[in-house]
Amino acid sequence: MEQHRFGSGPLLNERGDLSEPGYATALLKTYDRSKIKAGRLRIKEWDYYLITNDRWGVALTVDDNSYMGLLSASVLDFANATETTVSPMFWLPMGKTGFPSSSATGDVRKTLKGASGSYEHTKDGRLLRFSIDRFRDGKPFTCDILLTDEPKDSMVIATPFDKRGHFYYNQKIVGMRAKGFFAIGDERVALDQKDTFGLLDWGRGVWTYKNTWYWSAAQGEIDGHVFGFNLGYGFGDTRAASENMLFYDGIAHKLGRVDFGIPKAQDGSDDLLSPWHFTDDEGRLDLTFTPILDRASKTDVLVICSDQHQVFGRFSGTAKLNNGTVVRMNEFLGFAEKVYNKW
């Protein structure tokens with residue numbers, strides 16, 4: 001597919017529409033919340049971090065959807081195929097959470113009754129600190145995780161929707177080194193940067209009311225090289241570019257269209273815990289994804305609905321870099337998700 005790579009400048013034009021849809025490997029466009037022309041209740045901003053090694057995962061979210069926000073933490077145990085997620089919500093933040101306009105600078109801090117979370121830029125890297133008083137079996141959750149060795153390239157995409165003033169500006173940084181710990185009660189788990197990695201999903205935009213997205217990512221080491229990928233589709237007008245990229249030692253390798261090959265049950269519904277088959281339109285991606293667990297969550301309250309399935313598992317197969325090098329994955333840990341929202 002033909003893909004447009006955008007340059008620097010303001011993200012939005014004077015009408016509040018994207019000035020230049022497309023993709024980049026750095027956050028070149030300048031996001032300014034005050035330039036948005038759509039209704040203020042439609043603005044959505046979030047920072048989501050996922051830290052994984054072969055045994056454990058920790059997911060942290062601070063989210064400001066204008067009419068509501070959340071402070072969420074998950075612990076994933078891949079050996080026992082279990083997970084715990086707690087997501088305290090808060091109402092009508094309307095941007096007061098204070099998300100910075102760039103992922104490169106500025107800090108995020110949010111405190112609620114019984115929970116707090118912060119993302120801080122330090123001289124050593126990105127410092128992530130969360131605490132939730134009642135997490136699992138009445139025990140508290142805490143974490144203190146430092147992300148370092150940020151790669152040169154990231155996935156950045158500016159996607160319009162088919163409605164004036166609606167857009168999504170997104171950056172995915174994949175394959176940072178992670179170290180620190182998380183604890184549930186007296187159980188403390190150390191995270192070693194030799195085998196633990198972190199990614200950031202940085203999102204800013206004005207979304208339409210009803211949409212479905214598909215997102216997949218993985219990160220780790222293969223034959224001594226830091227490797228990862230970001231794959232996704234399903235929302236907005238992606239004719240200008242896809243968000244599909246491979247990352248090899250911090251350098252991005254762009255892909256075209258990707259299909260997740262989600263298996264179906266006999267009744268036609270998604271069979272999310274059976275193997276998926278990932279392929280692309282250029283013959284560069286051929287992956288089997290074998291699920292371990294489904295981090296599922298469903299909220300359906302009046303006009304708001306969110307049906308989320310973040311399935312963690314292992315990828316086996318091949319991916320081809322721009323120069324023709326074939327990367328072979330064998331039970332490479334990652335996730336694939338399908339999320340339906342009315343929000």
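Is tryptophan 91 buried or exposed? Tryptophan 91 is exposed, with a relative accessible area of 58%; buried means under 20%, exposed over 50%, and partly exposed in between, with a 1.4 Å probe and protein chains only.

The views show a predicted model, in which local features need pLDDT of at least 70, side-chain atom pairs count only at pLDDT 80 or more, and totals for chains, interfaces and linings use all residues. Residues are numbered from 1 along each chain as its sequence is written, and side-chain values use heavy atoms, with hydrogens and water left out.

**View 1. A nonpolar surface patch includes Trp91.** Leu41, Met89, Trp91, Leu92 and Met94 make this patch of about 530 Å². Patch residues have over 30% relative accessible area and no salt bridge, and nonpolar side chains (Val, Leu, Ile, Met, Phe, Trp, Tyr) are joined within 5 Å. A salt bridge is a side-chain nitrogen of Lys or Arg within 4 Å of a carboxyl oxygen of Asp or Glu. Tryptophan 91 is placed in strand E8, residues 89–91; strands are DSSP runs of at least two residues, numbered from the N terminus.

**View 2. The largest pocket holds about 960 Å³ of space.** A pocket is an open set of points on a 1 Å grid, with protein on both sides within 12 Å along at least five of seven lines, and lining residues have an atom within 4 Å of a point. Of the 42 lining residues, Asp63, Leu70, Ser306, Gln308 and Asn341 lie nearest the centre. Strand E23 (residues 285–301) gives the most to this lining, with six residues.

**View 3. The second largest pocket has a volume of about 170 Å³.** Its lining includes Thr52, Lys194, Gln219 and Leu333. Strand E17 gives the most, with three residues.

**View 4. The largest cavity has a volume of about 90 Å³.** Asp47, Tyr49, Gly106, His121 and Arg126 are the closest to its centre among the 16 residues that line this cavity. A cavity is a set of grid points where a 1.4 Å probe fits but cannot get out. Strands E4 (43–52), E10 (115–121) and E16 (197–206) each supply at least two lining residues.

**View 5. The second largest cavity has a volume of about 50 Å³.** Among the residues that line this cavity are Leu50, Phe78, Phe312 and Phe335. E4, E17 and E25 each supply at least two residues of the lining.

How values were computed: Points joined across faces, edges and corners; volume = space filled by probe spheres on them. Helix = DSSP H or I, 4+ residues; strand = E, 2+ residues; numbered from the N terminus. Patch = residues over 30% accessible without salt bridge, like charges linked within 9 Å, V, L, I, M, F, W, Y side chains within 5 Å. Areas by Shrake-Rupley, 256 points an atom, 1.4 Å probe, with all protein chains shown as cover.
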